[in-house]
Amino acid sequence: MTSDTHSMYERMTAGDPYIADNPEIAAASTRAQALSHRYNTMDPTDGAVRRAVLEELLGAFGPGSEIRPPFHCDYGRHTTVGARTFANFGLVCLDVAPITIGDDVQLGPNVQLLTATHPLEPGPRRDKWESAEPIVIEDNVWLGGGVIVCPGVRIGANTVVGAGSVVTRDLPRDVVAVGSPARVVRPLP
């Protein structure tokens with residue numbers, strides 16, 4: 001698919017198509033899996049140590065924020081979480097590309113933020129090429145339980161996305177959106 005001189009890790013972090021067969025990619029993934037496992041199996045009453053693990057795992061973890069285990073991610077360091085954000089049980093962040101979660105965001109149980117994508121063409125997909133597009137969740141967004149956010153999506157500030165919705169394209173600020181694919185059903189006051 002390409003003949004440039006960049007490593008697959010460099011291609012991945014630049015947002016270019018890559019094959020995940022690079023030792024740097026494997027090491028970053030193993031690091032995230034180990035820290036996630038540690039976090040997911042910790043005593044829930046040990047708040048300070050749990051927070052320290054998330055601060056080590058994630059690119060940023062704002063003050064007053066909480067992620068309830070289990071929490072799963074590809075790399076962790078590509079995910080940033082703002083202040084006073086709450087993620088309920090079962091958050092999945094496939095953070096091949098950056099995932100930016102703003103301040104005061106509410107994420108229901110089993111929300112999936114999926115930056116990873118694969119070619120539609122069968123040949124490159126069979127050859128294991130993949131890529132990713134960033135996700136941005138702006139301030140004060142509420143994603144109901146089971147919401148799936150697809151690669152490359154931005155959700156505007158104050159927007160509410162109904163439980164079980166699949167967000168396949170950008171949503172503006174100050175709206176309620178529901179469905180699969182998610183559609184705006186009304187503005188917020």
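Trainee: How far is the sulfur of Cys93 from the closest cysteine sulfur?

Mentor: A disulfide is a covalent bond between the sulfur atoms of two cysteines. In this predicted model, the sulfur of Cys93 lies 6.9 Å from that of Cys73, its closest cysteine sulfur, which is too far for a bond; a disulfide here is a pair of cysteine sulfur atoms within 2.5 Å. The structure holds 0 disulfides, and Cys73 is in none.

Trainee: Are Cys73 and Cys93 buried or exposed?

Mentor: Cys73 is buried at 10% relative accessible area, and Cys93 is buried at 0%. Buried means under 20%, exposed over 50%, and partly exposed in between (1.4 Å probe, protein chains only).

Trainee: Where do the buried residues of H2 fall, seen down its axis?

Mentor: An α-helix has 3.6 residues a turn, so residues three or four places apart point the same way. In H2 the buried residues are Ile25, Ala28, Ser29, Ala32, Leu35, Ser36 and Tyr39. They fall within an arc of 135 degrees, so they line one face of the helix; the arc is taken from the directions from the helix axis to the C-beta atoms. On the other side, Pro23 and His37 are exposed. Helices are DSSP runs (H or I, at least four residues), as are strands (E, at least two), numbered from the N terminus.

Trainee: What covers the buried residues of H2?

Mentor: The cover includes helices H1 (8-14) and H3 (47-57), with strands E1 (18-19), E3 (66-67) and E4 (71-73); contact means heavy atoms within 4.5 Å.

Mentor: Residues are numbered from 1 along each chain as its sequence is written. Local features need pLDDT of at least 70, side-chain atom pairs count only at pLDDT 80 or more, totals for chains, interfaces and linings use all residues, and side-chain values use heavy atoms, leaving out hydrogens and water.
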